[in-house]
Every structure is written in structure tokens, then in C-alpha cells.
Amino acid sequence: MTPTAPPGERSVLRDQDPVVFIDRKERSYLRILRRGGRISVRGQAVPCDAVIGLPEGSRVETAGGERLLVVRPTYAQLIPSLPRRAEPIYPKDAGPILLWGDIGPGMHVVEVGTGPGALTLALLRAVGPTGRLTSYEARDDFATLARENVARYHGAADNWTLRVADVLTAFLPTVLQVKQLVDALRAGCFGAVETLETLARFWHVHDRSIRPAHRMVAHTGFLVFARRLAGNSELTRPEPCSTDEHVHAG
């Protein structure tokens, strides 16, 4: 998540790196390494200087003797642990948004609603340094938190513009809202409308015990994808589509 070191040096954990400690029960703890500091994991202290300089994937001991695996966080590990005041877009939804949205390097993407910046991080990685991301957030405190999280877990993002403003948006936790949005899209300038939800169920695999995990991130919201239609399409209304209409659904 911190692409500042050359590729050959990425394996070494460094000062200011975000890391994840994983205990023997495979519970994860997101922390930031700070030279001279101490990290607490379940009430047990770990000196940062004992971790800085180690290869990623090393094991360290707490003051109480518990051994922890330390790695850099993947996107999926990072998002649930982000400092936040609102629910983030979870990895199980971010993946389909990137794929169904056909988002890739060099594109200019508009994001409506940043929350803690979870999807913002995924979009910045997807568009790459040659692309651009413009985000709108109605609440100033959410925008501030998103800036902090992007700076901490992504780094400098000169290709990202964040504006505190209110624009047309839709978050759809219920099917009735989905129906209203889809009807409005089809009556307007959009076609090829698709609606889906994603469910992620992990499995516990250990020794002779193989079973679904007791906890599951099930329904979070519906994703609606639509393609903007050309003004002369037979599927559109007679008049050309206005260029100032925007719909975001997540």
C-alpha cells in the first residue's frame, strides 16, 4: 500500500509502513510502524524498532511471548480496519465495481461519496498514475478522514481531486430503491442496466475441522450498473441526453 520503495526493497518493513499482525487464531490487527514507538496488540507491547528492517512475512514476539506474523496489508485486509465514521464500500463490492465499471489505467473516474476513502483507494490503484480520480463528498468531516486515509495508506496522489459538494447519488440497501433507480435509468439516458449483490463466505480450514466461518459479510447493498446511451439511439428518448446528468450507485 506504500509504493515509495523500489521494487527490490519492498520486502523490507520500513518506518511509517502500515502492517498487519496476525495471531495464532488468524485474527488481524492493522498498525503503523513508527521508529522508536511501541505497538499494542491485544494488550501486549511490540517495539516498532524490533519490526522495522525485518523481511515481510517474519514472526515477532510480544512482551508476553505470543508470536505474531507481520505482513503488509492487502486491500482486503486494510479496508475493514480503516479509521472511519461511516460504513466503507467493502472489498467484496469494490471488486465488482472495478470490473463491471470497466475501470482501468489512464481513465478519468468520478466518485460520488468517499466515506472513509475505501473505494477511493481501490480507484486510485486501478486508474494508476496516468489516470485521474475526482471525488465528491457532501460532509467535510468525511472528506477530511478520506484525505488522511489516502495519505496514510496510499501516499501522494497528485491525480486525485476531492471536492466537498453535494451531487446526485444513490446508495441502495433495499430492493424497492433498486426498482425506483432502475426505472429512472431506463426512462432517461441509460441502458444495459444490470443489478447485482455480492456475498462472501469464508471457510475455516484447520486440522480435521473444515466448515464455513461463523461470521459472514452478507448483504451490504445492491450494485447497479448502466451504460450511457447516445442521443440518436432508438432506445433513448427523442431529445439528446444532457451531459450534466450523473448517476452513481453503490
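Axes here are lines fitted to C-alpha atoms, for helices over the stretch in contact, and angles run from 0 to 180 degrees between N-to-C directions. Helices (H or I, at least four residues) and strands (E, at least two) are DSSP runs, numbered from the N terminus. The model is predicted: local features need pLDDT of at least 70, side-chain atom pairs count only at pLDDT 80 or more, and totals for chains, interfaces and linings use all residues. Residues are numbered from 1 along each chain as its sequence is written, and side-chain values use heavy atoms, with hydrogens and water left out.

The axes of H2 and H3 cross at roughly 35° and come within 10 Å. This crossing is right-handed (the near helix is turned clockwise from the far one by less than a right angle). Ala-94, Ile-97 and Leu-98 of H2 meet Leu-119, Ala-122, Leu-123 and Ala-126 of H3 (contact means heavy atoms within 4.5 Å). The residues of this contact comprise 7 nonpolar, no polar and no charged. Ala, Val, Leu, Ile, Met, Phe, Trp, Tyr, Cys and Pro count as nonpolar, Asp, Glu, Lys and Arg as charged, and the others, Gly among them, as polar.

H3 (residues 118–127) also packs with H4 (residues 140–153), at an angle of about 45° and with the axes 9 Å apart. H3 is therefore oblique to H4 (under 35 degrees counts as roughly parallel, over 145 as roughly antiparallel, 65 to 115 as roughly perpendicular and the rest as oblique). H3 passes H4 in a right-handed crossing. Thr-120, Leu-121 and Leu-124 of H3 touch Asn-149, Val-150 and Tyr-153 of H4.

The largest pocket holds about 1,300 Å³ of space. On a 1 Å grid over the protein atoms alone, a pocket is an open set of points where a 1.4 Å probe fits, with protein on both sides within 12 Å along at least five of seven lines; lining residues have an atom within 4 Å of a point. Grid points are joined across faces, edges and corners, and a volume is the space filled by probe spheres set on the points. The lining has 22 residues, with Glu-26, Ser-28, Phe-202, Ala-213 and Arg-215 nearest the centre. H1 (75–78), H2 (91–100) and strand S11 (203–206) each supply at least two lining residues. S11 gives the largest share, 4 residues. By class, the lining has 11 nonpolar, 5 polar and 6 charged residues.
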